[in-house]
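Work through the exercises below with the structure open. Try each task before reading its solution.

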Amino acid sequence: MSKDSQMRAAINQKLIEMGERERLKELLRAKLVECGWKDQLKAHCKDVIREKGLEHVTVEDLVTEVTPKGRGRVQTRNKQTKQHNSALMSRILGC
């Protein structure tokens with residue numbers, strides 16, 4: 001396991017132990033809804049279904065089609081928040 005993987009696992013475990021993991025997930029969800037990310041992805045899913053036809057689209061197709069666009073649409077601010085939280089946890093853990 002790489003040092004990066006070990007640090008991620010340690011941070012994740014510490015977040016779970018502290019009860020912060022779920023709180024951070026909810027905060028991120030709220031920020032994504034606030035900036036319109038969820039609505040944009042929902043609209044994109046509807047577009048894909050309209051283009052291909054409901055009978056010709058599987059959940060896997062939607063995931064494959066929407067995931068890259070969803071990741072690309074996460075605003076820089078949310079990415080910076082995640083990076084800040086990771087750095088904070090690293091300092092707490094002493095890693």
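This is a predicted model: local features need pLDDT of at least 70, side-chain atom pairs count only at pLDDT 80 or more; totals for chains, interfaces and linings use all residues.

**Exercise 1. Decide whether His 44 is buried or exposed, and name what it touches.**

Step 1. His 44 also sits in helix α3.
Step 2. Its relative accessible area is 10%. The cut-off for buried is under 20%, so His 44 is buried.
Step 3. Leave out residues up to four places away in sequence. His 44 touches Glu 65, Val 66, Lys 69 and Arg 73.

**Exercise 2. Check the length of helix α4, then find its bend and its buried residues.**

Step 1. Helix α4 covers residues 59–73, which is 15 residues.
Step 2. Look for a bend. α4 bends by about 35 degrees at Val 66. A proline, Pro 68, follows within four residues.
Step 3. List the buried residues of α4: Leu 62, Val 66 and Gly 70.
Step 4. Recall the helix repeat. An α-helix has 3.6 residues a turn, so residues three or four places apart point the same way.
Step 5. Find the packing partner. The buried residues of α4 pack against α3 (37–52).

**Exercise 3. Describe how α1 and α2 meet.**

Step 1. Two packed helices are described by the angle between their axes and the distance between the axes.
Step 2. Apply them to α1 (residues 3–18) and α2 (residues 20–34). The axes come within 5 Å and cross at roughly 95 degrees.
Step 3. Classify the crossing: α1 is roughly perpendicular to α2.
Step 4. Name the residues in contact. α1 supplies Asn 12, Leu 15, Ile 16 and Met 18. α2 supplies Glu 20, Arg 21 and Leu 24.
Step 5. Sort the residues of this contact: four are nonpolar, one is polar and two are charged.

**Exercise 4. Summarise the fold in terms of elements, burial and contact range.**

Step 1. Count the elements: five helices and zero strands. From the N terminus, the order is α-α-α-α-α.
Step 2. Of the 95 residues in the protein, 18% are buried.
Step 3. Consider contacts between residues at least 6 apart in sequence. Of these, 66% join residues at least 24 apart.

Notes: Residues are numbered from 1 along each chain as its sequence is written. Side-chain values use heavy atoms; hydrogens and water are left out. Helices (H or I, at least four residues) and strands (E, at least two) are DSSP runs, numbered from the N terminus. The expected span of a helix is 1.5 Å times one less than its number of residues. The bend at a residue is the angle between axes fitted to the seven residues ending there and the seven starting there. Buried means under 20% relative accessible area, exposed over 50%, partly exposed in between (1.4 Å probe, protein chains only). Contact means heavy atoms within 4.5 Å. Axes are lines fitted to C-alpha atoms, for helices over the stretch in contact, and angles run from 0 to 180 degrees between N-to-C directions. Ala, Val, Leu, Ile, Met, Phe, Trp, Tyr, Cys and Pro count as nonpolar, Asp, Glu, Lys and Arg as charged, and the others, Gly among them, as polar.
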